[in-house]
Amino acid sequence: MSVSEDTNGLWFEHGQLVPRMSKLAATDIDELLGGGIGNCGTPFIVTDATQDWSCKDWTFDWLKETYGHIAVETAASFESPVRMTGRLGDYIDYITDERDPAGRVPHGFDYVDPETRDPVDHSAAVPDGPQYLVSWDLEEISSIADHFHQPYFMRNRNLLDRLMPETKRGLFNKHTFAFIGPKGSLSQLHNDHDHTHSYLSQVIGRKKLVLFSPAEAHLVAKVDRFGFTIGGSGVDPRKPDLKRFPRLMDAHPFECVLEPGDLLFLPSGWLHCAYGLTAGVSVAKDSVDHLNFGKWFQSMAVTNLPKLASRIVQHPSFQAEAVIPDWAAQSRTDPSILSFLTRHYQA
């Protein structure tokens, strides 16, 4: 393993730079994902992970020409109640426009309700920041998802790679994403779903990130009993509020700036905030190994119990009265039964 220095400045005076590495071996990964603060791992940037990825050749013009017709949904942040939908080509025009994107609406985009996806009145919805294409699910667009893959140091380690595609699509959450946004786009402090490890690789532009260990999550955000941040409750690294977070200085933030070709690997549960220094494109993929399998499996069971149970009771082999339990029969007509089971499992 070789290590190089990152010379970009810090937002927190007591912060430290995410280490930059190359030529990683299996023993390096065990140490990076199993040690660190609270034995929750340490984030790291890999500089030689994307050398054979065809997404290195992406440009905004190419994305617009090839996928510009696809419908996408944007928001100012994960937690924003204002959502918009339109074509990717129009969105790329919006983020590459030299004018300030804040307060502007991409051409041809319509406001939608974040829950129902139904159109809403323009006058009742005001953009609360630059529109950001957050976590664009690429698993249904194989032609673009094929342009990148798991980095070399996770290829024989990621348990998700051993699942049949139909299994992943049928029962599990999505695990392949793109993030496209203008200068000033913001992903508020959060940790990723289902306790997966994940990477964020920069393809176009530059992005600033601040990260905190899950062992110190309570110092920088409100979290639920599963360790996930409660939406919008985390510290804003650009203007930290010490009244809200009086123990912020006890935390140990990591910081980095991602350049094209950089791959940032995040151990399970790590909190992170991302800020677009320029218009840019990042790609991301999740992974599960022996270190985070237990938490991932528990999270997936809780998330998918109602879906799994409903599929089981509808299966022809489960229809015989001799084997079907009372709760399963009732769940066909009373969805609250499955909700109760989920709450019982979580408890």
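Start with the aromatic rings: the count comes to 16 aromatic pairs, where rings of Phe, Tyr and Trp (its six-membered ring) pair if their centres lie within 6.5 Å. Planes under 30 degrees apart count as stacked, over 60 as edge-to-face and the rest as tilted. This is a predicted model, in which local features need pLDDT of at least 70 and side-chain atom pairs count only at pLDDT 80 or more, while totals for chains, interfaces and linings use all residues. Residues are numbered from 1 along each chain as its sequence is written, and side-chain values use heavy atoms, with hydrogens and water left out.

**Two ring pairs**

Select Phe12 and Phe212. Their rings make an edge-to-face pair, 6.1 Å centre to centre with 75 degrees between the planes. Phe12 sits in the loop between β1 (2–4) and β2 (16–17) and Phe212 in strand β12 (residues 207–212), so the pair ties together parts that are 200 residues apart in sequence. Strands (E, at least two residues) and helices (H or I, at least four) are DSSP runs, numbered from the N terminus. Both Phe12 and Phe212 are buried, meaning under 20% relative accessible area; exposed is over 50% and partly exposed in between (1.4 Å probe, protein chains only).

Next, pick Tyr91 and Phe109. Their ring centres are 6.3 Å apart with the planes at 40 degrees, so this pair is tilted. Tyr91 belongs to helix α3 and Phe109 to the loop between α3 and β7 (110–112), so parts that are 18 residues apart in sequence are tied together. Tyr91 and Phe109 are both buried.

**Helices α3 and α2**

Stay with α3, where 7 of the 9 residues are buried: Leu88, Gly89, Asp90, Tyr91, Ile92, Tyr94 and Ile95. Show α2, β5 (71–75), β6 (83–87), β8 (133–137) and β9 too, as they are among what covers these residues.

Now move to α2 (residues 60–67), whose buried residues are Phe60, Leu63 and Tyr67. These cover an arc of only 70 degrees around the axis, which puts them on the same side of α2; the arc is that of the directions from the helix axis to the C-beta atoms. Turn to the other side of α2 to find Asp61 and Glu65 exposed.

**The cores**

A nonpolar core is a set of buried Ala, Val, Leu, Ile, Met, Phe, Trp, Tyr and Cys residues joined through side-chain atoms within 4.5 Å. Of the 61 residues in the largest one, Phe44, Trp58, Trp136 and Phe153 touch the most other members. Helix α3 (residues 88–96) gives the most to this core, with 5 residues. A second, separate core has 15 residues, including Leu186, Leu189, Ala221 and Val235.

Centre on Trp58: not counting residues up to four places away in sequence, Trp58 touches Leu63, Ile144, His147, Phe148, Val203, Ile204, Val281 and Val283, with contact meaning heavy atoms within 4.5 Å.

Show the open sheet of 5 strands in the order β2-β13-β12-β15-β10, with mixed pairing; two strands pair if DSSP finds at least two bridges between them. β2 and β10 (186–190) stand at the edges with a single partner strand each, so one side of each has no neighbour in the sheet. In the antiparallel pair of β12 and β13 (residues 254–258), 5 bridges join the strands. Look for Leu211 opposite Phe254 in β13.

**Last stop: confidence**

Colour by pLDDT, the predictor's confidence in each residue, from 0 to 100. The chain's mean is 83, and 80% of its residues reach 70 or more. Among the elements, β1 has the lowest mean (43) and strand β14 (residues 263–266) the highest (98).
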